[in-house]
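Subject: Structure handover

Hi,

Here is the structure we talked about. My notes follow below it.

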Amino acid sequence: MNLVLFWAASFALLCFVLGMACATVRLVRGPTAQDRVLALDAFYINGMLTMLAFGIRSGTPVYFDVALLIALFGFVGSTAMAKFLLRGEVIEP
């Protein structure tokens, strides 16, 4: 792997981990439930991007599949949380 690509992926990993730390702070301290849902969205997006950057850095395609699963479950989870906050129930009878 190119040395510049390695250091760029390492810098991206650091930035994404810092983004996850900021989202964790908002998740814990968020004054409303909507703030916590947005923090959870930011957390899973940064987690997915961390897996992608780690996959580029290590050169193995396994991390790309994990990133796809994180994106899928994160979208479903945030949609369910938004529906719960909007209507009070996730599954309608």
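**Aromatic pairs**

The count comes to two aromatic pairs. The rule takes rings of Phe, Tyr and Trp (its six-membered ring) with centres within 6.5 Å; planes under 30 degrees apart are stacked, over 60 edge-to-face, and the rest tilted.

Phenylalanine 6 is partly exposed at 28%. Phenylalanine 54 is partly exposed at 30%, and tyrosine 63 is partly exposed at 25%. Here buried means under 20% relative accessible area, exposed over 50%, and partly exposed in between (1.4 Å probe, protein chains only).

**Basis**

This is a predicted model: local features need pLDDT of at least 70, side-chain atom pairs count only at pLDDT 80 or more, and totals for chains, interfaces and linings use all residues. Residues are numbered from 1 along each chain as its sequence is written, and side-chain values use heavy atoms, with hydrogens and water left out.

**Helices and annotated spans**

Helices are DSSP runs (H or I, at least four residues), strands are E runs of at least two, and both are numbered from the N terminus. Helix α1 covers residues 3-29, helix α2 residues 33-58, and helix α3 residues 62-87.

An unreviewed UniProt entry annotates residues 6-25, 37-56 and 62-86 as "transmembrane region". Its positions are given in the numbering used here, feature names are shortened, and annotations may be inferred rather than shown by experiment. In the model, residues 37-56 are 100% helix and 0% strand, with end C-alpha atoms 29 Å apart. Residues 62-86 are also 100% helix and 0% strand, and their end C-alpha atoms are 37 Å apart.

**Helix α1**

Valine 4 sits in helix α1. Valine 4 is exposed, with 62% relative accessible area. Its C-alpha lies 16 Å from that of cysteine 15, eleven residues away along the chain.

**Helix α2**

Threonine 50 is in helix α2. Is it buried or exposed? Threonine 50 is buried, at 13% relative accessible area. Setting aside neighbours within four places in sequence, threonine 50 contacts Leu13, Phe16, Val17 and Met20 (contact: heavy atoms within 4.5 Å). The C-alpha atoms of threonine 50 and methionine 20 are 9.3 Å apart, across 30 residues of sequence.

Alanine 42 also belongs to helix α2. Alanine 42 is partly exposed at 31%. Cysteine 22 is 20 residues from alanine 42 in sequence, and 9.1 Å from it in space, C-alpha to C-alpha.

**Helix α3**

Serine 78 lies in helix α3. At 13% relative accessibility, serine 78 is buried. Not counting residues up to four places away in sequence, serine 78 touches Asp41 and Tyr44.

Valine 76 is in helix α3 as well. Valine 76 is partly exposed, at 49%. With Leu69, Leu72, Phe73 and Phe75, valine 76 makes a nonpolar surface patch of about 540 Å². Patch residues have over 30% relative accessible area and no salt bridge; like charges are joined within 9 Å, nonpolar side chains (Val, Leu, Ile, Met, Phe, Trp, Tyr) within 5 Å. A salt bridge is a side-chain nitrogen of Lys or Arg within 4 Å of a carboxyl oxygen of Asp or Glu. Areas come from the Shrake-Rupley method with a 1.4 Å probe; for residues, only the protein chains shown count as cover.

Best wishes
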